Amino acid sequence: MDPDIIRLESTDSTNRVALDAAERGAAHGTAVIAGSQHAGRGRLGKSWISPSGTGLYCSVVVRPELDAANYPQLSFVAGLAVAVTIDRIYGLHTGLKWPNDIYFSTKKCGGILIESRPATAMSAVVGIGLNVNTEAAMFPDEIRERATSLFLQSGRKIDIESLFVALRKELVTHIAWLETAGFAVIMKQWRQRDVFLGKRLEWLSVSGERVVGESLGPDDQGLLHVRSDDGKIHQILSGDVTLAP
Ligand code: BTN
């Protein structure tokens, strides 16, 4: 058993457990995996439904050689690492939705939540949630049309533990790549998987501003460019984008 892996049958949130571990000085690459979560956290204050047996819920403590101001870059690096791993093992073509959702065409298969605490300076936690063996009927009605799983994409049931081990390794490799090659190189790869490029998007900022326009994709800094109907280019730093109705 790897001493740097904390395996839990169930927990509130693997991100919370990993943040606690980081606070106690856990090393780069230390990971937490749980069979289920009862208070799984999503981006923008949403919750992440985490039933037992069908999903991968894990968090990795990272200590990148990066200014803390550049930690948002980790979202893109983690998304790319997840996509590369899935493609390599299962022969799929995994897409990415800005800033860090795992997609197949217009359906979400997973998401990433980066968190840090003031007390865990120089470290962050990369939380990864993936729908792995979920069957269509298992998704709640309200998301069934918009959600997918690796099972639904590949047609086969997947060993969650093997996927976790591979993902953790690839994440550490990708962070080392970011440190040596720089963020622009990561973004070049990321853009090749952009499922929303050229699509008409709606962006709702955290403060409630609404912009509708065509996605031009993210730039080398990770800012999403959207051209609204009046020709104005908006550079979006945060918030949520969806396909425009
Ligand atoms: C999102 O798309 O909103 C991000 C979802 C991230 C969910 C994962 S599951 C493992 C880790 N622990 C959490 O509480 N959240 C992340």
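Author: Start with the lining of the largest cavity. By class, this lining has five nonpolar, one polar and two charged residues. Nonpolar means Ala, Val, Leu, Ile, Met, Phe, Trp, Tyr, Cys or Pro; charged means Asp, Glu, Lys or Arg; the others, Gly among them, are polar. The model is predicted: local features need pLDDT of at least 70, side-chain atom pairs need 80 or more, and totals for chains, interfaces and linings use all residues. Residues are numbered from 1 along each chain as its sequence is written, and side-chain values use heavy atoms, without hydrogens and water.

Reader: Which residues line the largest cavity?

Author: Rolling a probe the size of a water molecule over the atoms shows where empty space is left. Here the lining is Lys 97, Trp 98, Asp 194, Phe 196, Leu 201, Ser 215, Leu 224 and Val 241. (In a cavity, on a 1 Å grid over the protein atoms alone, a 1.4 Å probe fits but cannot get out; lining residues have an atom within 4 Å of a point.)

Reader: What volume does the largest cavity have?

Author: About 40 Å³. The structure holds one cavity of 30 Å³ or more. (Volume is the space filled by probe spheres set on the grid points, which are joined across faces, edges and corners.)

Reader: How many residues surround the ligand?

Author: There are 20, and Ser 13, Gln 37, Arg 41, Arg 43 and Lys 108 are the closest. (The cut-off is a heavy atom within 4 Å.) By class, this shell has six nonpolar, ten polar and four charged residues. Strand S6 gives the largest share, four residues.

Reader: Which peptide bond is cis?

Author: Most residues other than glycine have a negative phi, and most peptide bonds are trans. Here the bond from Trp 98 to Pro 99 is cis, with omega near -5°. Pro 99 is in the loop between strand S4 (95-97) and strand S5 (101-104). (Strands are DSSP E runs of at least two residues, numbered from the N terminus.)

Reader: What is the phi of Leu 44?

Author: Positive, about 55°, although Leu 44 is not a glycine. Leu 44 sits in the loop between strand S2 (31-37) and S3.

Note on methods
1 Å grid on protein atoms, 1.4 Å probe; cavity = no way out; pocket = protein on both sides within 12 Å on 5 of 7 lines; lining within 4 Å.
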